[in-house]
Amino acid sequence: MRIALFVTCLVDALYPRVGQATVTLLERLGHEVVFPAGQTCCGQMHVNSGYPREALTLVRHHVDVFEDAEVIVAPSGSCAGSVRHQHAALARDAGDDALAVRADAVAARTVELSELLVDVLGVEDVGAYYPHRVTYHPTCHSLRVLRVGDRPLRLLRRVAGMTLLELPEAATCCGFGGTFAVKNAATSTAMLADKMRHIVGTGAEVATAGDASCLMHIGGGLSRLGAPTRTVHLAEILASTAAAPS
Amino acid sequence: MSRAFLGIPAIGVPAAGPAALGAPTVGVPTVGAAAPPGVGHLHASRPFPAAARDALADPQLRRNLGHATGVIRAKRAAAVAELDDWEQLRLAGEAIKRSTMASLDTHLVRLEAEVTARGGTVHWARDAREANAIVTGLVRSTGADEVVKVKSMATQEIGLNEALAAAGITAVETDLAELIIQLGEDRPSHILVPAIHRNRGEIRDLFLRTMPDVDPQLAAEPRQLAMAARAHLRRTFLRARVAVSGANLAIAETGTLAVVESEGNGRMCLTLPDTLITVMGIEKVLPSWSDLEVFLQLLPRSSTGERMNPYTSLWTGVTPGDGPRAFHLVLLDNGRTAALADRVGRDALHCIRCSACLNVCPVYERTGGHAYGSIYPGPIGAVLSPQLTGLHRGSDGGGGGATFNASLPFASSLCGACFDACPVRIDIPSLLVRLRAAAVDAARDAQRLPTPEALSMAAAAHVMSSPARFAAAESASRLARLAGRRTGRLSALPWPLSAWTATRDAPRPPAETFRQWWSRTHPDRP
Ligand code: SF4
């Protein structure tokens, strides 16, 4: 299958290894990955910060870039969520019904990585090997916007060599929330502190999730504390093999 | 007083137009004004981030809240899991509310007609000041200088107790938690459990301090505390000639009012005194008895996590020889018709005040209700309070102090737990995002000059709408690599990102962006 990668601006600029792992994984499973070069950002930060007009420019651009793709994957529940749940609504609010129709069509073909693997490609065992103790944090937008359910866990349970540890109060937000982390830094940090306490308490070496943004938040906190747990994106674990460990 | 002033939703709503809202039926009204500042308890007097910082610094408060919300969350989850048609009930609740709001004018007029036909009197209050004046006048005309009160959000919203006190009338709260708040000269911090920020030990100490004839051996144990309050209240109940209540809902077709409660003190108030005055927000009306079935299932399971609440009181007008001899219903606007005028934002008026969204909210759990300023805290408060008051900032100029309700829509990580818990499926995260845009616009209008944030958002949108500009910006940001060269992480960034690095490291930009890696490794591919 020919899969268009929407790598997301955060992964492009700060976490390229997450994008690389996504490409490695999909190519290993025998699929063709394309990277529409014009892509930039879904505009979620603008919408959620109260700047829908500025976001609309990015929506239009995103639709232009991805309109011809058959299936579009993002290694991010949050960005896929924005494409699926915000883009067309923004266009409609602005009175641009033609753009809304096109945005709906792009949204219908956009999936997050675990949805792509389980629903579109029909695999749960991706042949990964990752000999570590891992705990999984289901990020809010994966869970409650995209409703990915246990798809990421089904994928992780098939990873060879890995010990999967259950995270207490897993479904509670880590406190990132985009600009919330800066505008309401004290509250955000209080939420992060509880999330880190639960993560470190599992004894995991690695905390994983399907969103680089939440991992940046959790990982930034863990590193500041000098905690023994590091953060690794779901795509990196699934891309890891005995021959090419990540 | 005429009902024609009331912002009857069918008319004067430019955004939607009458056709979409149902045909106009009454008068020539317009949308009402926002809730006025300087009266009642809807206005945040400090920005949320500052108020939250203080709350977060109180470890006892954090423990009390964490414990209490945890217990209610678990009870609710169990009560909801019992019903296999819970999702259908939520959909039904949402649908009934939506259709009721679309012709609220019709239902309100019907309610008025039915209440009046059954011996009650209906009063229409444009805002908190009018409602307070109506109630004060009614109490005065009975000659009473004391009223007993059923727990009610509407009367808290308008600051009725303070207004009565100013007129020399004592209001006695009879709900246990409200009594705790009143005795402690405290403020409610939760819709359903207003004293959730207090633990048993603190309540025992308060009773020992404020109840004259309490047993000095009183233990910090729920039953003993409840019995002490019961003894304290009993004399007042037997003496009171006037009661003031709110209403959980009203049924238009028969003019029936309902209060749903746990303790039975509400029922004492509703049945013993000669005069009953009920203050109700106009959005509480339901068309018919058949709608009641849905809400009497949704409300108790969502709020206290019970299958059914212990006391459901329903009354219709006055009945000779039984209950109050005079019944007054005060219908309150106070910003509601203004909220109704926004076809999307009006969903917040569907709220049945169950407080499930507070109990599941990670922000509320950590900051508590006082940080929100308004008596409507938590996710729904962050939507409803600014909707009712408007988003203007700073001093109101009327001596009522400053209002910072524009900071409330930002007091959320948009995690979505509130939507999943809400029995009437209010999409709170989307409403918050909408209000953020309105708050940004209001700030822009007030300042005339763009804020630094607005400038950076516009710049980011400009850069990100062009891949070439985005790639150029990425190379510039890689200069930051130099800063984190040794550790691979950044521990101190300049403002405003210093708010991030105060508690969290930031990643050091990588040597190569994804798009550079792609063109190096896939030179022949798009
Ligand atoms: S918004 Fe929904 S969950 Fe929150 S109090 Fe209202 S009805 Fe309950």
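Trainee: Helices here are DSSP runs (H or I) of at least four residues and strands are DSSP runs (E) of at least two, both numbered from the N terminus. How many helices and strands are there in chain B?

Mentor: Chain B has 23 helices and 14 strands. Keep in mind that this is a predicted model.

Trainee: Got it. What percentage of the residues of chain B count as buried?

Mentor: Chain B has 526 residues, and 55% of them count as buried. As for contacts in chain B with a separation of 6 or more, 73% are between residues 24 or more positions apart.

Trainee: Which residues lie nearest the centre of the largest cavity?

Mentor: Cys361(B), Pro379(B), Ser412(B), Ser413(B) and Cys418(B) do, out of 16 lining residues.

Trainee: What about the second largest cavity: which residues are closest to its centre?

Mentor: There the list is Cys351(B), Cys354(B), Cys357(B), Cys422(B) and Pro423(B), from a lining of 13 residues. That lining of the second largest cavity splits into 11 nonpolar, 1 polar and 1 charged.

Trainee: Changing topic to rings. How many aromatic pairs are there over all chains?

Mentor: A whole-structure search gives 9 aromatic pairs. Take Phe6(A) and Phe66(A): their ring centres are 5.5 Å apart and their planes meet at 70°, so this pair is edge-to-face.

Trainee: Where do Phe6(A) and Phe66(A) lie in chain A?

Mentor: Phe6(A) is in the loop between strand 1 (2-5) and helix 1 (9-13), while Phe66(A) belongs to helix 4 (residues 52-66), so the pair ties together parts of chain A that are 60 residues apart in sequence.

Trainee: Is Phe6(A) buried or exposed?

Mentor: Phe6(A) is buried, because its relative accessible area of 1% falls under the 20% limit. Phe66(A) is buried as well, also with a relative accessible area of 1%.

Trainee: How far apart are the ring centres of Phe514(B) and Trp517(B)?

Mentor: They are 5.4 Å apart centre to centre, with 45° between the planes, which makes it a tilted pair. Phe514(B) and Trp517(B) sit 3 residues apart in helix 23 (residues 514-521) of chain B, so about one helical turn separates them. Both Phe514(B) and Trp517(B) are buried.

Trainee: Which residues form one aromatic cluster with Trp517(B)?

Mentor: The cluster brings Phe35(A) together with Phe514(B), Trp517(B) and Trp518(B).

Trainee: Which ring has the charged end of Arg504(B) over it?

Mentor: That is the ring of Trp500(B), with the charged end 4.8 Å from the ring centre. Elsewhere, Lys97(B) lies over the face of Phe295(B), 5.5 Å from the ring centre.

Trainee: Now backbone angles. What is phi of Asn334(B)?

Mentor: Phi is positive there, about 50°, although Asn334(B) is not a glycine. Most residues other than glycine have a negative phi. Asn334(B) lies in the loop between strand 10 (326-332) and helix 14 (336-340) of chain B. With 1% relative accessibility, Asn334(B) counts as buried.

Trainee: And what is phi of Ser355(B)?

Mentor: Near 75°, again a positive value in a residue other than glycine. Ser355(B) is placed in the loop between helix 14 and helix 15 (356-360) of chain B. Ser355(B) is buried too, with a relative accessible area of 2%.

Trainee: Last one, back in chain A. Which residues is His87(A) in contact with, leaving aside neighbours within four places in sequence?

Mentor: The contacts of His87(A) are Cys42(A), Val59(A), His62(A), Ser82(A) and Ala103(A). His87(A) itself is in helix 6 (residues 87-93) of chain A. At a relative accessible area of 2%, His87(A) is buried.

Notes:
Residues are numbered from 1 along each chain as its sequence is written. Chains are lettered from A and ligands numbered from 1 in the order in which they are written. This is a predicted model: local features need pLDDT of at least 70, side-chain atom pairs count only at pLDDT 80 or more; totals for chains, interfaces and linings use all residues. Side-chain values use heavy atoms; hydrogens and water are left out. On a 1 Å grid over the protein atoms alone, a cavity is a set of points where a 1.4 Å probe fits but cannot get out, and a pocket is an open set with protein on both sides within 12 Å along at least five of seven lines; lining residues have an atom within 4 Å of a point. Ala, Val, Leu, Ile, Met, Phe, Trp, Tyr, Cys and Pro count as nonpolar, Asp, Glu, Lys and Arg as charged, and the others, Gly among them, as polar. Buried means under 20% relative accessible area, exposed over 50%, partly exposed in between (1.4 Å probe, protein chains only). Contact means heavy atoms within 4.5 Å. Rings of Phe, Tyr and Trp (its six-membered ring) pair if their centres lie within 6.5 Å; planes under 30 degrees apart count as stacked, over 60 as edge-to-face and the rest as tilted. A charge sits over a ring if NZ of Lys or CZ of Arg is within 6 Å of the ring centre and within 35 degrees of the ring normal.
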